[in-house]
Amino acid sequence: MTAIVVYIDQLAAPGKLSNTVHQLLTLARGAGEPVAVVAGPVSAEVLAELGAYGVGRVLHSEQAELGDYLVAPQADLVAQAAAAVSASAVLVDNGAAGKEIAARAGVALNAGVITDAVSVTYDGGALVAHKSVLAGSYTVEARATSAVAVISVKAHSVEAAVAAAPSAPALELVDVAFAPASLAARVISRTPRAASGRPDLEDARIVVAGGRGVDGDFTPIEELADVLGAAVGASRAATDAGWISHASQVGQTGKKVSPQLYISVGISGAIQQKAGMQTSKLIVAVNKDAESPIFEIADFGIVGDLFKVLPQAVEEIKKRRG
């Protein structure tokens with residue numbers, strides 16, 4: 001069976017695999033034999049978790065260069081590990097770092113690079129990447145003509161699932177030969193993002209998102225999110241206006257989320273916004289414009305002033321919780 005490499009970054013948050021990694025491993029298992037390539041330490045718990053997702057082989061490196069520089073050394077690790085296991089494909093997440101790693105590893109491996117994939121299948125001896133294009137209007141297939149394909153996959157495109165029969169992964173240490181150019185930009189300091197106490201946007205089961213309609217005041221959004229234990233999201237209009245960090249942006253050019261409950265507040269629901277949240281299990285929209293496009297995909301809609309609707313919802317939730 002063909003080897004499918006999945007890159008896992010354990011430098012920033014060791015000892016924990018994200019939901020995105022679970023999804024990548026699920027895709028890799030469906031298309032071939034998943035091989036984990038890990039930057040950073042691999043704890044016994046992480047090794048067992050990898051085995052639960054069907055990984056039989058784990059290659060890792062804890063060399064200081066992986067964390068002391070920008071992502072180029074990580075791309076060296078991915079490329080050299082993929083070559084060592086004769087991988088037919090490399091899967092990475094679709095974030096900014098993942099895409100840069102994909103590009104650099106693609107050059108090193110002389111591989112075709114496919115970005116923004118939503119699934120991967122093995123068909124007729126070739127790996128096929130499926131892409132959702134034009135804000136989800138169409139799904140297309142892409143194939144690399146090279147021996148190896150490097151593919152970045154959008155988060156929450158598939159449901160993560162453990163393997164029917166867990167594996168006992170073999171742990172192998174990799175000594176990466178870093179290219180001189182990869183060590184050109186050193187990280188001299190890091191500033192941790194301020195903790196909000198809320199779940200991460202991409203992994204949250206509930207998301208409350210605000211748009212242009214909040215008119216710069218995210219207080220009602222945050223209050224509702226806090227009583228629900230939800231993450232706070234935003235439209236591009238809200239982030240571009242400087243009302244909230246761009247890290248909270250949901251949409252075609254932001255983050256893709258697929259929570260159990262998505263509450264859209266003061267967002268028109270333009271096609272770019274829909275592309276980032278339309279796979280949510282339940283969508284509730286609050287907008288004072290009854291003709292807003294968001295109501296076309298909402299399961300429940302409330303036509304009203306968000307500054308009156310949301311405080312009532314918060315009070316009712318608190319009352320019912322006693």
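Biologist: Leaving aside neighbours within four places in sequence, which residues is Q249 in contact with?
Modeller: Keep in mind this is a predicted model. Q249 touches L201, A234, S235, R236, T239, G254 and K255.

Biologist: And where is Q249 found?
Modeller: In the loop between α7 (236-240) and β12 (261-265).

Biologist: Is Q249 buried or exposed?
Modeller: Buried, because its relative accessible area is 7% and the cut-off for buried is under 20%.

Biologist: Which side chain does the Q249 side chain join in a polar contact?
Modeller: That of T253, at 2.9 Å. T253 lies in the loop between α7 and β12 too, but T253 is exposed, with a relative accessible area of 55%.

Biologist: What does UniProt list for "binding site"?
Modeller: The unreviewed entry gives R212, S235, R236, Q249, V250, G251, Q252, T253 and N287. From that set, R212, S235, R236, Q249, V250, G251, Q252, T253 and N287 are in the lining of the second largest pocket.

Biologist: Switching to backbone: what is the phi of D116?
Modeller: Positive, about 60°, although D116 is not a glycine. Most residues other than glycine have a negative phi. D116 sits in strand β5 (residues 112-123) and counts as partly exposed at 22% relative accessibility.

Biologist: What about the phi of D215?
Modeller: Near 55°, a positive value in a residue other than glycine. D215 is in the loop between β10 (206-210) and α6 (219-228).

Biologist: Buried or exposed, that D215?
Modeller: Exposed, since D215 has a relative accessible area of 63% and exposed means over 50%.

Notes:
Residues are numbered from 1 along each chain as its sequence is written. This is a predicted model: local features need pLDDT of at least 70, side-chain atom pairs count only at pLDDT 80 or more; totals for chains, interfaces and linings use all residues. Side-chain values use heavy atoms; hydrogens and water are left out. UniProt positions are given in the numbering used here, feature names are shortened, and annotations may be inferred rather than shown by experiment. On a 1 Å grid over the protein atoms alone, a cavity is a set of points where a 1.4 Å probe fits but cannot get out, and a pocket is an open set with protein on both sides within 12 Å along at least five of seven lines; lining residues have an atom within 4 Å of a point. Helices (H or I, at least four residues) and strands (E, at least two) are DSSP runs, numbered from the N terminus. Buried means under 20% relative accessible area, exposed over 50%, partly exposed in between (1.4 Å probe, protein chains only). Contact means heavy atoms within 4.5 Å. A polar contact is a pair of N or O atoms within 3.5 Å; within protein, one must be able to donate a hydrogen and the other to accept it, and residues adjacent in sequence count only if both atoms are side-chain atoms.
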